[in-house]
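Me: I'd like to learn how to read a few features of a protein model. Could you walk me through them?

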Amino acid sequence: MKQLIKRKDGSYSQRGLWDNIRANKGSGKKPTPEMLRQEKKIKAKSQAGSLYQRLVPKGTTLSTTAPYNYGNTPYLNKRYGNMTNTKTVGDLAPDLKQRILSSTASLDYQTNLGKNRVLSGSTQYDLGAPKGNRVGTTTLGYKTINQEDPNFRANLQYTPKRDFSAGFNLNNDLNVNYRRMKDDQGVLNSVRGTANFAKPFSFQYSQDYRKNQPMINQRISGDVTGKKFKGSMYKNYSQGEGKTYGGSLNKYSGDVTYGASANYGPQGLRDVSANLNTPMYDVSYTKDKLNNQNTVQADFKMGKPVSMSYSRTFAPKERGTETLGGKLNLKNTQAELTKTLSGPQQGTYSGSLTQKLGPLTLTGTGTKSNQGLQDYNVKANLNLLGPTKDRPNRGTLELSGNYGRSKEGTDSWNKPKYNVGLNYSRAFKKGGKVSVKAGGENHVIYKKTTKHGEGKPGHIMVNHPTMDKGKWDTIDLTSMNKKINTVSEGVAATKKWHKDNPYKKDKSYRMGGSKLKQSHLNRYK
């Protein structure tokens, strides 16, 4: 057993290597120059480690991203000059030079502060941007993580000389965001707020204004939701429309829903509408006073496989445009036929028929007017590979082809149009996660499997992993549109929403975007 030595702090430890080689300890041998150099390195490393631990809390993650990180590569510096100075890049090959000057870097930071509190941040740097604009957007976010009830979120975002925004969210009951940005007309200020008071009441407020200038727009709205009714009211002001206000009320009685809405403008009543929905039929009526136009829509549910629809748009004392249609929906057969009863296209028939024969699906569409057949298209789709019980996420491989012709208002047929295609897609019908980039944002789309956190088990969720979006950080897509039941449908809905709501040049929607509407979440390509 090694001898224990009493140290200056009063503790005891075993005799070690350095005890034996120091001049005033052990054998009396002096340390060699190599030993002293090694000791200096060890001390420097230890001090650096302790400094890192003091500055960077436990659980911290730091990451950087640089697509073309050439840096101070010795060979490139020797061959082409100082790579860190864009003015002395030298005679680089044009392609290599362009890639280096267009490089961007991102520094991401995230740490767990304990007690379910998380702090995160990121900074972007654009090497090829004009001087003064190379430092991009810096974001800082804070949130508490409680699986039963997310408590608090706060975020800051700053782009030098261009943009500043801040916001916070408390239990999803209170959400406030402020944004200040510069454009060609000066400084634009935007305020957004949402508050949910007692369970049936909610309140929304938005305002855009410039200092010492007339108000651009302002909107105040409120909702009240009970067990058998839902009502809403709003008051809006905009430079284009002036002051407008209105409201709606819907009442529920078993399987029957009926309601009405009205909107007013500076000239008085703008439009009024009424609706009635039952298990057998849906009827709605809208009177547009501004355009002097009325619309009637009726859908009749004549048993599960058959339905009919009727619509009419007309001005007073005119028949207007009137259509009548029907649908047949069987297990392997779907058919639809519509006839225009009045209007510019009176007497026109439009129809489609889809028939499934095992892995083969045949579809035909066509239009016939008083002048005869106007166009037709035939499509075949063969499923070569699809999900199985054992491999539900395997994906689908399809071979498709179509052939069609049209007259396009002429008396003779145009050249036929045809093509053949091969398509592979993954449906993730039983869960799975997929990363999607849309509208300049990163998204993770998945099927929820637990009861913790936001959303319901089995629903399709979308999350923004790069930056906390406050109320819209994690969205339950299925709750907003019941047609979204697979991850692939969630991907399509996310891409469509960003396509319909593109970011402006000043990245206006970076702090959470406008309110997601159900019409933006339809699963159409």
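Reply: Happy to. Lysine 448 touches Gly453, Glu454, Gly455, Lys456, Pro457, Gly458, His459 and Met461, leaving aside residues up to four places away in sequence. Contact means heavy atoms within 4.5 Å. This is a predicted model, where local features need pLDDT of at least 70, side-chain atom pairs count only at pLDDT 80 or more, and totals for chains, interfaces and linings use all residues. Residues are numbered from 1 along each chain as its sequence is written, and side-chain values use heavy atoms, without hydrogens and water.

Me: Where is lysine 448 placed?

Reply: Helices (H or I, at least four residues) and strands (E, at least two) are DSSP runs, numbered from the N terminus. Lysine 448 is in the loop between strand 28 (441–447) and strand 29 (460–463).

Me: Is lysine 448 buried or exposed?

Reply: Buried means under 20% relative accessible area, exposed over 50%, partly exposed in between (1.4 Å probe, protein chains only). Lysine 448 is buried. Across the protein chain, buried residues make up 27% of the 525 residues.

Me: Which side chain of opposite charge is nearest to lysine 448?

Reply: Lys and Arg count as positive and Asp and Glu as negative, while His and the chain ends are not counted. A salt bridge needs a side-chain nitrogen of Lys or Arg within 4 Å of a carboxyl oxygen of Asp or Glu. For lysine 448 the nearest is aspartate 476, 8.1 Å away, and lysine 448 has no salt bridge.

Me: How many helices and strands does the protein chain have?

Reply: The protein chain has 6 helices and 30 strands.
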